[in-house]
Amino acid sequence: MAVYTDVPPEALHAFLADYDLGAVRSLKGITEGVENSNFLLETERGRYILTIYEKRVDPADLPFFLGLMEHLARHGLPCPLPVHARDGQALRRILGKPAAIVSFLEGRWPRRIEAGHCTALGEALAALHLAAADFGLRRPNALSFAGWRALFAGCRGKADAILPGLEAEIATELEELARLWPNDLPAGVIHADLFPDNVFFAGDKVTGIIDFYFACNDLLAYDVAICLNAWCFEQDGSFNVTKAKALLQGYRQRRPLSPDEVAALPVLARGSALRFLMTRLYDWLHQVEGALVKPKDPREYLRKLRFHRGVAGPRAYGLG
Ligand SMILES: Nc1ncnc2c1ncn2[C@@H]1O[C@H](COP(=O)(O)OP(=O)(O)OP(=O)(O)O)[C@@H](O)[C@H]1O
Ligand SMILES: N[C@@H](CCO)C(=O)O
């Protein structure tokens, strides 16, 4: 459930008075998502999403996120287009909190992932990387090594309650990855959280890419590795090489991967698995009493991490 802020009609009317969106038809809270409050807003002009940014998003990052969505949408990517108020600003305030209105995107995220979704996803991801190449703002990845170490420090002495030996395993992994991490691969703006619930489809066609609130500058192939983790494992934990092959083929059709990027995939996939293991572990161990959001299982990402640690090389992902 992600509606943390209640919007009384008077507040909505005062807020919308600064836009050219016509009269309000309805405002409905959207229960999916966890970070922000999202509403489906219908006005005389059409359908929009109103997002109120809650505590976990740093307001200083919002110009990057909104600017990136606008840049990508203007380059033909199916991303939310921020709506500017009459003063020219897309980032405004409602009830004392930062807020923005963006265009509504059609389609549904896939509940059952097929290889065809993975091909289209790969193409869309490569298109995003290419289109973002001339985006002017920068944002370092807060969830890279320093971020992982900070999360780990916050879990010290508690991780083994989830699985005996987990703390030592993470400590070793952090050390190994720091030693193996490639620093000279092509870098640029990445989405960094392109999970199935952030990609809308109509059939096999991508109609929407949302949730840019982890986007940042990092290695482009790291974004591919995030998608391998999020899209190519089955419910029973097995890795589906057909889906991985489809994803990589789709990506490479638009943006070829260099031999060094291919060779680095197992390490990047380990790092990406560790990133989601750490955020999930932290959230699991710091659950707020009475919170409406059920934390996601960190063990899913531990299993993925172990899989990538065990692969002999990039051939495991269907690359010849
Ligand atoms: N532009 C859009 N068009 C259509 N639906 C949208 C759009 N943006 C968001 N939604 C809907 O709102 C839901 C929540 O959005 P989102 O995933 O961005 O929430 P969040 O709380 O910011 O993120 P998180 O997934 O990290 O918790 C989505 O699953 C989708 O149903
Ligand atoms: N996609 C993340 C949560 C939101 O960023 C996860 O599955 O852990």
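What radius of gyration does the chain of 320 residues have, and what value would a compact globule have?

**View 1. The whole chain of the predicted model.** A compact globule of 320 residues would have a radius of gyration near 20 Å, and the chain has 20 Å, which agrees. Taken along the principal axes, the box filled by the C-alpha atoms is roughly 60 × 45 × 35 Å. The chain contains nine helices and nine strands. Of its 320 residues, 37% are buried. Contacts between residues at least 6 apart in sequence join residues at least 24 apart in 73% of cases.

**View 2. The annotated domain, residues 27-257.** An unreviewed UniProt entry annotates this stretch as "domain: Aminoglycoside phosphotransferase". Within residues 27-257, the chain is 35% helix and 19% strand. The end C-alpha atoms of this stretch lie 44 Å apart.

**View 3. Helix α3, residues 115-131.** At 1.5 Å a residue, the 17 residues of α3 should span 24 Å; the end C-alpha atoms are 24 Å apart, which agrees. Because 12 of its 17 residues are buried, α3 is largely enclosed by the rest of the structure. Among the buried residues are His117, Cys118, Gly122 and His129.

**View 4. The packing partners of α3.**

Technical notes: Residues numbered from 1 in each chain as written. Chains lettered and ligands numbered in written order. Predicted model: local features only at pLDDT ≥ 70, side-chain atom pairs only at ≥ 80, totals over all residues. Helix = DSSP H or I, 4+ residues; strand = E, 2+ residues; numbered from the N terminus. Expected span 1.5 Å × (residues − 1). Buried ≥ 20, exposed ≤ 12 C-beta atoms within 10 Å, placed from the backbone. Contact = placed C-beta atoms within 7 Å. UniProt positions renumbered as here; feature names shortened; annotations may be inferred. Rg over C-alpha atoms; globule rule 2.2 N^0.38 Å.
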